[in-house]
Amino acid sequence: MKQNKIGRTFVVVAVFCLLLAGATWVLRPRLFANIDNFYRLKNNTADVMFFGSSNSYTNVNPAQLYDEHGIAANILAGSAQNIWNSYYYLEEAYKTQSPKVVVLEIYNSYRTYEYDALANAITNTMGIRSPLIRLASTGVSVPPQQVADVMLGWPVYHSRYRDLGKGLDAFFDEDDGNGAIRLGQYPVFLTYSFDPPVKDDSILPIPVKTLEYIEKFVALAKSHGSKVVLMKTPCVLPAEATGVYNAIREQFKDDTNVSFLNLNECAEQMGFNYATDLQDIVHCN
């Protein structure tokens, strides 16, 4: 009798776990197109990998890099991705890829906050498949009291059942209806006109957490034999940002494995036009 009771309890628990896993899969936000796309890559096929925020996947086109230069590139970025998230994405990337060059788009490096908004933390951690790497990334992305909820997933998005009225696309569409992002590039056909940024040679302190993770990013890349490019794509920058970027350039100026590229300084050479080539203040069209 006791064994039967234990057996029934086990079955009930197993069924509950299966139902919870199924509900979690259905309710899971489809916000991880770039990292899901990364997991589709064959091993050791990316020559160059790009990391960073939306500045990476709106401003870089891997298809064009391949067509014009024969460079096989992949973008492993996320919306509002912080430098610490980029570091853990790089850890995950080296499990299956051996890029010759890794490019870190440094837009968010001027920000001084310790943690990001919960929605952005979810976007940049939940798609990671390696449990320990995901845990480490989550641990530096949200306050300690939120780590368990983000790791479990369903506590922070269980209420998405309310979206059912919006149609099944809200549950099953992997990339918000824009299949192009699967290629790592997100085309937007909008134009807003801005004046070119004024040259600024000021140097401001690099936020402590940002510097820690840029250094860890560079060290990890070196340990795998990859060259590093720290890059800022063209945009109209907040006043406090350029001074931090200049400081990052100074920090790594003597490191022969690291290149620094602020494309705002190369706009004329590239033929970049701030009056026609931006969809908003920080994203190219």
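1. Residues are numbered from 1 along each chain as its sequence is written, and side-chain values use heavy atoms, with hydrogens and water left out. Because the model is predicted, local features need pLDDT of at least 70 and side-chain atom pairs count only at pLDDT 80 or more, whereas totals for chains, interfaces and linings use all residues.

2. Rings of Phe, Tyr and Trp (its six-membered ring) pair if their centres lie within 6.5 Å, and planes under 30 degrees apart count as stacked, over 60 as edge-to-face and the rest as tilted. The count by this rule is eight aromatic pairs. In one of them the ring centres of F51 and F217 are 5.7 Å apart and the planes stand at 80 degrees, so this pair is edge-to-face. Since F51 belongs to strand β1 (residues 48–52) and F217 to helix α11 (residues 208–223), the pair ties together parts that are 166 residues apart in sequence; here helices (H or I, at least four residues) and strands (E, at least two) are DSSP runs, numbered from the N terminus.

3. F51 and F217 are both buried, a word that means under 20% relative accessible area, with exposed over 50% and partly exposed in between (1.4 Å probe, protein chains only).

4. The largest pocket is lined by 20 residues, and N59, V60, N61, Q64 and M270 lie nearest its centre. On a 1 Å grid over the protein atoms alone, a pocket is an open set of points where a 1.4 Å probe fits, with protein on both sides within 12 Å along at least five of seven lines, and lining residues have an atom within 4 Å of a point. Helix α4 gives the most to this lining, with four residues.
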